[in-house]
Amino acid sequence: MRTDFIGKDMMSHVLYALTAENRLACMVALETGLRIDDVLSLRSDCLNKRSFTITEKKTHKRRCVRLGAALRAELREIAGEPYIFAGRINKESHRTRQAVYKDLKRAAKCFRLNINLAPHSLRKLYAVDLYQRTGDLERVRAALNHDDIAVTLLYAIADELTARKKRGRE
């Protein structure tokens, strides 16, 4: 099942309906374009630097990640050991992506959003925002670490595709 795109304004409302930890995880995904699995597996020691390198779980590709000072400061306040987003039961492991997924679904239901909102929707919003700011599809491709520019294009114009789909239903 494919996730839907949601605009910045509505996403900001949804974020504030999430638990504090899940909201911060989503904010990291929105700032970096990382998949939620990669966000949740970030280790606390990475907060000591503005940028750090990770290996993406899905693709096994290396990627440099940068976090702004304000977000790093918020993350330090909730960071566990060894992971920033400690697990609910076992603090030695990280929070599960299902926890974020369920919280996003709950928030979408609160706002009566009739869309398939999931953590991957954050990655689409990141791509759309970056493409609108830069107009550079290659930069979006590099930021998402995609091999295929056609896949990147689907992410970068997710807002347009959603609008067309909506017009088709009216």
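**View 1. The side chain of H146 makes a polar contact with the side chain of T152, at 2.8 Å.** A polar contact is a pair of N or O atoms within 3.5 Å; within protein, one must be able to donate a hydrogen and the other to accept it, and residues adjacent in sequence count only if both atoms are side-chain atoms. This is a predicted model, in which local features need pLDDT of at least 70, side-chain atom pairs count only at pLDDT 80 or more, and totals for chains, interfaces and linings use all residues. Residues are numbered from 1 along each chain as its sequence is written, and side-chain values use heavy atoms, with hydrogens and water left out. H146 sits in the loop between helix 7 and helix 8. Helices (H or I, at least four residues) and strands (E, at least two) are DSSP runs, numbered from the N terminus. H146 is buried, at 8% relative accessible area. Buried means under 20% relative accessible area, exposed over 50%, and partly exposed in between (1.4 Å probe, protein chains only). Beyond its neighbours within four places in sequence, H146 is in contact (heavy atoms within 4.5 Å) with K61, R123, R141, V151, T152 and Y155.

**View 2. Helix 7 spans residues 137-144 and has V140, A143 and L144 as its buried residues.** They lie on the same side of helix 7, because they cover an arc of only 90° around the axis. The arc is that of the directions from the helix axis to the C-beta atoms. These buried residues pack against strand 2 (62-66), helix 6 (119-134) and helix 8 (149-156). At the start of helix 7, a side-chain oxygen of D136 comes within 3.1 Å of the backbone nitrogen of E138. Just after the helix, N145 has a positive phi of about 65°.

**View 3. The largest nonpolar core has 35 residues, and M11, V39, L75 and F85 touch the most other members.** Helix 2 gives the largest share of this core, five residues. A nonpolar core is a set of buried Ala, Val, Leu, Ile, Met, Phe, Trp, Tyr and Cys residues joined through side-chain atoms within 4.5 Å. Not counting residues up to four places away in sequence, V39 touches A25, V28, A29, L34 and F85. A second, separate core of seven residues includes Y126, L130, V140 and A143.

**View 4. E74 and R23 form a salt bridge, with their closest N and O atoms 3.4 Å apart.** The pair links distant parts of the chain: E74 is in helix 4, R23 is in helix 2, and they are 51 residues apart. A salt bridge is a side-chain nitrogen of Lys or Arg within 4 Å of a carboxyl oxygen of Asp or Glu. The count comes to ten salt bridges. E74 is partly exposed at 29%, while R23 is buried at 15%.

View 5. R133 is exposed at 55% relative accessibility, whereas D129 is buried at 18%. K8, D129 and R133 are linked in a network of salt bridges.

**View 6. The whole structure has zero disulfides.** A disulfide is a pair of cysteine sulfur atoms within 2.5 Å. The closest cysteine sulfur to that of C46 is in C64, 11 Å away and too far for a bond. C46 is buried, at 7%.
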